[in-house]
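Open the model in your viewer and keep the sequence panel beside it. The tour goes from one selection to the next and says what is found at each stop.

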Amino acid sequence: MLKKSPWVIHYDASSCNGCDIEVLACLMPRFDAERLGIINVGNPKHADIFLVTGSVNEANKEIIQNIYNQMPDPKVVVAVGICACTGGIFAECYNVSGGVDKILPVDVYVPGCAARPEAIIEGVAKGLEILETKRKKLRRMAKGLEELTITQADPSDASEILYLQHLAFQSEAEIYNDFSLSPLRQTKDEIIEDFKKRTFFKAVMNYTIVGVARSRMEGNVCYIGRIAVNPAYQNMGIGKKLLQAVEEHFNTADFFQVYTSHKSKRNIYMFERMGYTWFKKERVSENRERIYFKKKNIKD
Amino acid sequence: MSTPLFLIAFPLIISVILLFLKNNAARFAVVTTSFFVLSAASIQLASEYFKSDMQFLTVPWGFADHAIIAAEILLSLYVLFTGIRHKQKLVTLFVVVQLFPLLWFEFKGPHIEIEHPLVVDRLSVVMALIIGIIGGIISIYSLGYMRDFHEHIHKEYRDRRCFFFFMVFAFLGAMYGIVFSNNLRWLYFFWEVTTVSSFLLIGYKGTTESIKNSFLALRLNLLGGVGFAAAIIYLQTRVGTLELDKVMFSQNATILLPVALMCFAGLAKSAQLPFSKWLLGAMVAPSPVSALLHSSTMVKAGVYLILRFAGVLEGTIAGFMIGLVGGVTFFLCSCIAVSQRDAKKVLAYSTIANLGLIVLCAGLGTYEAVWAAILLIIFHAVAKCLLFLCVGVVEHKIHSRDIEDMAGLIITMPKLSIMMQIGMAGMFLAPFGMLISKWAVLQALVDFNPILAVFVIFGSSVTLLYWVKWMGRLLTVVGKQDEIEGTVRRTEWFSLGALAFLTIAVCGFFPLVAHSLVEPYIEEIYHRTVDMGHGNIVIMLIMLAMVALFPLSFLRYGKSVKVVDAYLTGANTPQGIDFYNSLNTPQQMDMKSYYMQEFFNEKKLLLTGIAVSTILILISVVSPIC
Amino acid sequence: MAGIDRKITARLQGRVGPSIFQPFYDVLKLFEKETMVVRRSQNFYVLFSLILVIFTTGLFAWGANLLLVIFALTLSSIFFVLGGFKASSPYSFIGSQRELVQIASYEPAVLLSAIGMYMITNSFNIMTIFTCDKPLYIPLAGILLAYLFILPIKLRKSPFDLSTSHHAHQELIKGITTEFSGRALAMIEIIHWYESIIALGIIFLFFSSNILTGLFAASAVYFLMSIVDNSFARVKWQKAFSSSWLVALILGVGNIIILSFLSK
């Protein structure tokens, strides 16, 4: 049914408004997008299709991310106009980062300056087909059949990682009623800094990063930390897979070490099932204790 | 000793004991035992008398009448001297105008033989249950509340807890006196005792504001008392009887004037317009006082009296005028409540409004109306008491009475907010109590005079506004907050829990209550039965069941949904509750409710109300003479 | 019905417009979307509101007491408003406040209709009112007009689409429905449909002396609402409130006063 009722949210990133006027023209009697069921809703939570015009710059990077994150799945991103696709004639300006695909996975590119209403509607229609595919993928994934890839992450994933950390550690913070946990207070730049000292692994499903872990090697011990999995994808074994990926990567280490807080039962269970045993308890704050786990690496 | 006498005497004895009991533990023991004793006795009373029609009792002690006259003189002299000492001219005037003529006529006027000084019928039973159970619950609550009040929050006020509990129990005894008295002079005495209790308890804190407001209450209630005294004198000299039942069933046209005067007193005690100011001012008192006197019991005495005379008022101009006063009060005070931010003021205006609804029914006097009125009394007493007590606890914990500060209470004080919501639901939500009563009121009014229904309609549309707005405020959560419920005392929890349970139980069992107590009373007085319609009762119970299921769902719902931030046009900061404003600095989102002050200006509406109701009352008192 | 409304709107604006089954497609699509919330329990209020409104419609169709039906409907609306409050976002908050003002605006006229019907048929029972063979719209003309005035409020159409509206962007983003997505939003749509049915059902009752006139009247009124929706701009909520009370007072109460004089 997604094809019959696509709801659109339109965001003007840094457009000259030329493309925006063309988008509005689509709703006018001459082109009448509503006969396809397209409604321009002003609210990402109601929308399926994210129409972005204009290029990405420092001011709107986070905002675009934010709106994208507030859209429920399945969703597609349509970059309207050449500025949204690649930056257009402003691509080399000092403040412009480029097209929307610098920060979001774009599904449909509708070039033009300004893009014509017919092209926009065609782009939305193409987006609908992609939406259908995504929906089916979502269905399969919900039944646990979707494939998961785990690879090393790089600094460009920093904003997604930040958002993921925020989401995943929200529940931890709720348990301890402590919102000053460091994962929640990190900034994106700090994460990019961390990339220099740590190796990041990301679990990707459906083009989105759903899990992340960081690790470093010191001496003969591999320290693993900040294993974060998107709450909507928890209990699917992603954390375990991340841990395994890290262990495989650092298979020259003698020991693996990881820690968690004392009330995080699920984490404790996961570590113990993977062969970790706890060896140290440390009180970090008034109502929180940290438990350290260690595992000997069985090298072949 | 008969149960009614026990119920009057027991609290009085306890009050004297409590006056001298400074030890907290001992006080706790005495108060809790008294609660059980009083409740048990009230229930015992109900089981004894619910099957029978009006029954009369005599007091075994012959000196009772003289004792009461002596006590009355002492009381009036006390008030007189207080009035003189504080240079309160009106107070002094009102006392003098009441005391001396009454005494004159008492001793020099025609001697009236009192056949039955005490009466018990189903209405008394209903009132007695309310006084005993709810009064007892409030006294237990007061143990914990007053302890916090003096030891933690308001160390600056003098600890007069002995006096406090003495007054509370003395008051309870007097309330029992009111509902069991058949001798109107005795009723008048107990009435004045409640006035004085209210005066003393309002001024408990001893601050200038409290004292000012306590005298305001005293003045207005004494003014009502003047009307009452005039009625007694008239009855003694012109009619020849001083017994409630005889007045209630009298067919004599001359009865109307004293009845109108006594209703005048009732209106003053129930803080109807134009007397409402004293109830608003009474909110400076500690919460148990507000709950006990000014919502559940004392003000109910006023409407009780008017309700007694409903049969006489039916079909008369005086009755119609009084009904209109009730209707106007209901409408205007509901409107004013929308514009208030102080939680206790909202509750006060809501109380006045609901009392107005009861007065409307009582003034009308038809059998359906009285039936609705009694239901209203029951439901309102329970739900409003719950709300006042909750607000008291909340005020102690968050140090504010402002509704806007109660945001997020569902997280910081979950159990308490749920109880508050039960109380609020009880006040206006179908299928809870007040809504059932409003439904009954509308049914009753439509037959008689649809124009009166207009007041109810417009008024009840407005009640939605202030209740749901407040409810919503409790639910809106921005950011994370700690739970602060831990320090609420056991006694407070007990009372709140008991009342919450009662609110629901009374709604669930209201068909039973209606059938066993209310309908028989109506039959007795009016010889007509009220039928709510079996189907309607079933529907209401189904709705109640559905609403009751609502909290269960929280147990497993919401586990698998994705939580994101609120939509702030994409400009959320990572914390989620702030956003970047146009200067690119984080700013927290802030939400304030509508108070519609341009529509519901307190001053303007009060003035209109006072003007209109004064005219109506004048007509009601003058018309019997013509 | 909602689909027909969109089609009419589109044609009035010179467009082709969506298929009349579009709202069904919308709801089905919404069920397939992920559910996102700001606070975990917010959707539950919507679910409850839906259950209650279905119950109310059932009551209405079964012919129960009209007053009870109105109060049950109010109960459902209140749960919806509480859900908006729970969502704890500025837009939904204001949406809820305005929704409350809307409810307070239309309640008097609706209750007056019930009172008026009682005065003519001597019963609050819907079945009795339905089977009454006197045409109600003649003696209750004033009340009917008052009800028609507030009907756009109930149906959330211009000039009174204050708290949330379907197609147009409006000043509150989506007002009370802002923070609801997926299934909850679908449920809200369905709630609106049921509310429309009940609202028009009351119109039907006014004309129920003849079933055909009743049906015709209900459809005509709906058509009228569409046209009104497209002809007027939104008013301020203060104006909505004061005008609806004024109309209810003058037309509605006036009608009742006249009726009570006539019957005496």
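Which residue stands opposite Phe256(A) in β14(A)? Select Phe256(A) and look across to β14(A): the residue opposite is Lys295(A). Keep in mind throughout that this is a predicted model.

**Stop 1**

Select residues 255-261 of chain A, which form strand β12, together with residues 288-296, which form strand β14. These two strands pair in the antiparallel sense, over 7 bridges.

Then follow the chain from β13(A) into β14(A): the link is a hairpin of 2 residues.

**Stop 2: chain A as a whole**

The chain has 9 helices and 14 strands. Of its 300 residues, 43% count as buried. Among contacts in chain A with a separation of 6 or more, 71% are between residues 24 or more positions apart.

Next, colour residues 2-141 of chain A as domain 1 and residues 149-296 as domain 2. The centres of these two domains, taken over C-alpha atoms, are 34 Å apart. Where they meet, 6 residues of domain 1 of chain A are in contact with 5 residues of domain 2 of chain A. On the domain 1 side, the elements that give two or more residues are α2 (61-69) and α4 (117-142) of chain A. By class, that side has 3 nonpolar, 2 polar and 1 charged residues.

**Stop 3: a helix of chain B**

Move to chain B and select residues 367-398, which make up helix α17. How many of the 32 residues of α17(B) are buried? The count is 30, and the helix is mostly covered. From its first C-alpha to its last, α17(B) reaches 46 Å, close to the 46 Å expected at 1.5 Å a residue. While the helix is on screen, recall a general point: an α-helix has 3.6 residues a turn, so residues three or four places apart point the same way. Step just past the end of α17(B) to His399(B), which takes a positive phi of about 55 degrees.

**Stop 4: one leucine in chain B**

Select Leu332(B), which is found in helix α15 (residues 317-338) of chain B. Is Leu332(B) buried or exposed? Leu332(B) is buried, because 29 other C-beta atoms lie within 10 Å, and 20 or more is enough to count as buried.

Not counting residues up to four places away in sequence, Leu332(B) touches Leu273(B), Leu605(B), Thr608(B) and Gly609(B). Pick Gly609(B) from this list: Leu332(B) and Gly609(B) are 277 residues apart along the chain, yet their C-alpha atoms are separated by 6.8 Å.

**Stop 5: chain C**

Finish with chain C, which has 10 helices and 1 strand. Of the 264 residues of chain C, 62% count as buried. For contacts in chain C with a separation of 6 or more, residues 24 or more positions apart account for 74%.

Definitions and conventions. Residues are numbered from 1 along each chain as its sequence is written. Chains are lettered from A and ligands numbered from 1 in the order in which they are written. This is a predicted model: local features need pLDDT of at least 70, side-chain atom pairs count only at pLDDT 80 or more; totals for chains, interfaces and linings use all residues. Helices (H or I, at least four residues) and strands (E, at least two) are DSSP runs, numbered from the N terminus. A residue is buried if 20 or more other C-beta atoms lie within 10 Å of its own, exposed if 12 or fewer, and partly exposed in between; C-beta atoms are placed from the backbone. Two residues are in contact if their C-beta atoms, placed from the backbone, lie within 7 Å. The expected span of a helix is 1.5 Å times one less than its number of residues. Domain bounds come from an automatic or database domain assignment. Ala, Val, Leu, Ile, Met, Phe, Trp, Tyr, Cys and Pro count as nonpolar, Asp, Glu, Lys and Arg as charged, and the others, Gly among them, as polar. Two strands pair if DSSP finds at least two bridges between them.
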